[in-house]
Amino acid sequence: MHDRLPIRALAAEGTPIRAIARDLGISRNTVRRALDPSRPVVYRRDAMDRLDELEPLIRESLDAYPRMPATGVARRIRYSGPMSAFTARVRHVRREVLNGGPRAPV
């Protein structure tokens with residue numbers, strides 16, 4: 001249940017669900033479930049760990065083809081997991097690639 005805390009903290013600050021999902025690398029439905037006190041949360045950290053491992057392959061694909069859609073990257077690296085989290089990770093990496101590298105922490 002401790003996984004709800006960062007989600008609820010961001011929501012309390014007024015962060016939109018879409019931004020919370022993007023920033024935490026989780027689906028919007030996971031955010032909604034975390035904000036619904038009547039439903040248990042299933043937080044899929046294992047999928048996020050796998051995306052951490054695949055990020056170099058995602059980056060390599062986007063270095064070669066920066067505008068490749070997430071579905072194309074998934075096919076290229078043979079990814080078959082949850083697409084919402086994968087798409088968010090591809091979007092994040094694409095921003096870094098197009099902006100010339102990772103952003104400095106704020």
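A residue counts as buried under 20% relative accessible area, as exposed over 50%, and as partly exposed in between (1.4 Å probe, protein chains only). The structure described here is a predicted model, in which local features need pLDDT of at least 70 and side-chain atom pairs count only at pLDDT 80 or more, while totals for chains, interfaces and linings use all residues. Residues are numbered from 1 along each chain as its sequence is written, and side-chain values use heavy atoms, with hydrogens and water left out.

The protein has 6 helices and 0 strands. Helices (H or I, at least four residues) and strands (E, at least two) are DSSP runs, numbered from the N terminus. From that end, the elements run α-α-α-α-α-α. The protein has 106 residues, of which 34% count as buried. Its accessible surface comes to about 6900 Å². Carbon and sulfur atoms hold 52% of that surface. Accessible areas come from the Shrake-Rupley method with a 1.4 Å probe; for residues, only the protein chains shown count as cover. A contact means heavy atoms within 4.5 Å. Among contacts between residues at least 6 apart in sequence, 49% join residues at least 24 apart.

Salt bridges were examined next. A salt bridge is a side-chain nitrogen of Lys or Arg within 4 Å of a carboxyl oxygen of Asp or Glu. By this rule the protein has 4 salt bridges. One of them joins Asp 52 and Arg 89, with N to O at 2.9 Å. Asp 52 lies in helix α4 (residues 45-64) and Arg 89 in helix α6 (residues 83-98), so this pair ties together parts that are 37 residues apart in sequence.

Arg 59 takes part in a salt bridge with Glu 55, their closest N and O atoms being 3.0 Å apart. These two residues are 4 apart in helix α4, so about one helical turn separates them. Glu 55 is buried, with a relative accessible area of 19%. Arg 59 is partly exposed, with a value of 23%.

Arg 59 also forms a salt bridge with Glu 96, where the closest N and O atoms are 2.6 Å apart. This pair links distant parts of the chain, with Arg 59 in helix α4 and Glu 96 in helix α6, 37 residues apart. Glu 96 counts as buried, at 9% relative accessibility. Through shared partners, salt bridges join Asp 52, Glu 55, Arg 59, Arg 89 and Glu 96 into one network.

Other arginines were also considered. Arg 94 is placed in helix α6. Arg 94 is buried yet has no salt bridge. The nearest side chain of opposite charge is Asp 63, 10 Å away. Lys and Arg count as positive and Asp and Glu as negative; His and the chain ends are not counted. Leaving aside residues up to four places away in sequence, Arg 94 touches Leu 62, Pro 66, Arg 67, Met 68, Pro 69 and Ala 70.

Arg 18, Arg 28, Arg 32 and Arg 91 form a positive surface patch. Patches are made of residues with over 30% relative accessible area and no salt bridge; like charges are joined within 9 Å, and nonpolar side chains (Val, Leu, Ile, Met, Phe, Trp, Tyr) within 5 Å. The place of a charge is taken as NZ of Lys, CZ of Arg, CG of Asp or CD of Glu. Arg 28 is partly exposed, with a relative accessible area of 39%.
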